[in-house]
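Please consult the sequence and the structure while reading the points below.

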Amino acid sequence: MAILPIVQFPNPVLAMKCQPIAEVNDDIRRLAADMGETMYKAPGVGLAAPQVGEPIRMVVIDVSEDKNQLLTLINPVITERGEEKETGEEGCLSLPGIWEKVTRNTSITVQFMDLDGQKQEIHAEGLLAICIQHELDHLEGTVFIDHLSRLKYDRACAKLKKRRLQEKRDKAD
Ligand code: ZN
């Protein structure tokens, strides 16, 4: 397994609509394992394939406290959304240091293929439901700040820029 570099916003791969995975083979399983390791190391609770530069429809998620419930979703589709919505703060490994409020459905049903190529369906609530919606957005080329008003979006981008400049300066010192 390997730790992969995480693509940073606004890299164009993060704005791409990702392609379905035709066959779950060893290459896909290896990428899934690497994505899992990369996510745990970061640390984060979710990572989508475009975030490691692969515009294909796969995400890994683990919202468990002990970080021992790695979920890999291949070609995931949300088939049902509960009526209730919740607004909570989100962050993203591709936009480090940015935390903004996003409104999401609190419960969803998602269909996907697992690492054996078998069709699966899960019903998710709470943090898992929110995390799945965040990661699936990435497969459509959407990052969480795209849900913000223009003003808040611009402010988040400016903050990100400032943070990167500061990091560069810190490294130069
Ligand atoms: Zn993200």
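A residue is called buried when its relative accessible area is under 20%, exposed when it is over 50%, and partly exposed in between (1.4 Å probe, protein chains only). The model is predicted, so local features need pLDDT of at least 70 and side-chain atom pairs count only at pLDDT 80 or more, while totals for chains, interfaces and linings use all residues. Residues are numbered from 1 along each chain as its sequence is written, and side-chain values use heavy atoms, with hydrogens and water left out.

**Zinc site**

- Cys 92 (SG), His 134 (NE2) and His 138 (NE2) coordinate the zinc ion at 2.1 to 2.3 Å.
- Donors are N, O and S atoms within 2.8 Å of the metal (3.2 Å for Na, K and Ca); water is not among the atoms, so sites may look incomplete.
- Along the chain, the donors of the zinc ion have the spacing C-x41-H-x3-H.
- Helix α2 (residues 126-139) contains both His 134 and His 138, which are four residues apart, about one turn of the helix; helices (H or I, at least four residues) and strands (E, at least two) are DSSP runs, numbered from the N terminus.
- His 134 and His 138 are both buried.

**Cysteines**

- Zero disulfides are found in a search of the whole structure, a disulfide being a pair of cysteine sulfur atoms within 2.5 Å.
- Cys 18 is in no disulfide, and its nearest cysteine sulfur, that of Cys 92, is 13 Å away.
- Cys 18 counts as buried because its relative accessibility is 2%.

**Ala 22**

- Ala 22 lies in the segment before α1 (26-41).
- With a relative accessible area of 83%, Ala 22 is exposed.
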